[in-house]
Amino acid sequence: MDSPALFLPRSSLDALLQALRGDGYERVLGPVARDGAITFQNVQSAADFPVGVRDRQAPGQYRLESGADPRCFAWANGPQALKPLTFAPRETLWRCERDTDGGLVFRDAGERNVRTAVIGVRACDLAALKIQERHFLKEPYPDPRYAARRESLFLVAVHCSHPASTCFCASTGDGPRAETGFDLALSELDDGFVVTVGTERGAAVVERLDLDRASPGQRTDADAEIEAAARQQVRALPSRNLRDSLYARLEHAHWDQVGRRCLSCGNCTAVCPTCFCHAEQDEPTLDGSRTDHLRQWDSCFTAVHSYMGHFLVREETRLRYRQWLTHKLASWHDQYGRSGCVGCGRCIAWCPVGIDITAEVAALLEPAHA
């Protein structure tokens, strides 16, 4: 939307939470430092936010550090993106029950979606959400549960000003500034937030706050921090379209090398905001009166994921890693018109052995080893 930037004083952050609840959002989620990580949790007041907390990330490492900084969004990201809020980790798709005559009756097991506001969404996660929407909302058979959850979300983005060493969203074109997909977007300064309205829903919330316009100096300072965040990133992918380069290296010797390090644990796919592999199974009750048909997250790193008929298509770890990387960075261009990587760096930090996707791509593309 074409509306002037506003300014929300830090002392009025609680007023934003109240405005969201006043506009009908039953649940307000925000970043909370818990169990050594920042995750989205229910927040009651601004005091729940991670004030003065910074994250230190590196391959296979994630640590939180506390300081006297008044800011509550001076961190890059945690292991949780928006994905669990739209693509449920585990859900019942339908239920089969026996009627009084012993016949089978199929019922929709859908649950009520709670209108939810999320504060602290990053640009990379908005880009990932857009990719997931292309998959789950594609006509002619959009996923009704995904659609309902997505419609129930109100998203308050926060532009990144403190990237982690694992971030590389600038090279993928997905950050650190949130460009689209938000209802409201915030730029955090020491004394408050520059607010940008993205949708009519966002405008309705802002009307409850009676905010002044942001000053030219505040807008300049906010833009400068976002631009500095892009320059600070030390990792990058060499191109936004690696399709042909990776397909030309399917038999590269480096797949063996990375396969020896990879544990096939699936951590990278669990924290990835775009991965959508899932498995379906039936779960009957012990008395046989009902069966639930479940959908739950899966990973292309599990053995059963590539099971076909009587054999495993990808029995070796190197083949599973190759499948993940080439699907993410190559075949997604055919499916969705872009790479499946948004540069959030989560797969680097949360890999137990510190495998770095940017380093692996660089090794694969090294001419001396092609």
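Biologist: How much space lies in the largest cavity?
Modeller: This is a predicted model, in which local features need pLDDT of at least 70, side-chain atom pairs count only at pLDDT 80 or more, and totals for chains, interfaces and linings use all residues. A cavity is a set of points, on a 1 Å grid over the protein atoms alone, where a 1.4 Å probe fits but cannot get out; points are joined across faces, edges and corners, and a volume is the space filled by probe spheres set on them. The count comes to seven cavities of 30 Å³ or more. For the largest cavity, the volume is about 150 Å³.

Biologist: Which residues lie nearest the centre of the largest cavity?
Modeller: Residues are numbered from 1 along each chain as its sequence is written, and side-chain values use heavy atoms, with hydrogens and water left out. Lining residues have an atom within 4 Å of a point, and the largest cavity has 18 of them. By class they are 14 nonpolar (Ala, Val, Leu, Ile, Met, Phe, Trp, Tyr, Cys and Pro), three polar and one charged (Asp, Glu, Lys and Arg), the others, Gly among them, being polar. Nearest the centre are Cys262, Cys268, Tyr321, Cys351 and Ile355.

Biologist: Which helices each supply at least two residues of the lining of the second largest cavity?
Modeller: That cavity has a volume of about 100 Å³. Of its 15 lining residues, the closest to the centre are Cys272, Pro273, Cys341, Cys344 and Cys347. With helices taken as DSSP runs (H or I, at least four residues; strands are E, at least two) numbered from the N terminus, the helices asked for are α11 and α12 (346–349).

Biologist: How many disulfides are there by this rule?
Modeller: A disulfide is a pair of cysteine sulfur atoms within 2.5 Å. Cys341 is in none, as its nearest cysteine sulfur, that of Cys347, is 6.4 Å away. Cys344 is in none either, with the sulfur of Cys124 as the nearest, 5.3 Å away. The count of disulfides is zero.

Biologist: How far apart do the C-alpha centres of domain 1 and domain 2 lie?
Modeller: The bounds come from an automatic or database domain assignment, which gives domain 1 (6–231) and domain 2 (243–369). Contact (heavy atoms within 4.5 Å) takes 42 residues from domain 1 and 41 residues from domain 2. Between the C-alpha centres, the distance is 25 Å.

Biologist: What is the volume of the largest pocket?
Modeller: A pocket is an open set of points with protein on both sides within 12 Å along at least five of seven lines. This one is lined by 22 residues, and Ala88, Glu111, Arg112, Asn113 and Arg149 lie nearest its centre. The lining divides into eight nonpolar, five polar and nine charged residues. The volume is about 400 Å³.

Biologist: Where is Pro176 placed, given that the peptide bond from Gly175 is cis?
Modeller: Most peptide bonds are trans. The bond from Gly175 to Pro176 has omega near 5°. Pro176 sits in the loop between α5 (169–172) and β10 (184–189).

Biologist: Is Ser264 buried or exposed?
Modeller: Ser264 has a positive phi of about 55° although it is not a glycine, and it lies in the loop between α9 (254–261) and α10. Buried means under 20% relative accessible area, exposed over 50%, and partly exposed in between, with a 1.4 Å probe and protein chains only. Since its relative accessible area is 15%, Ser264 is buried.
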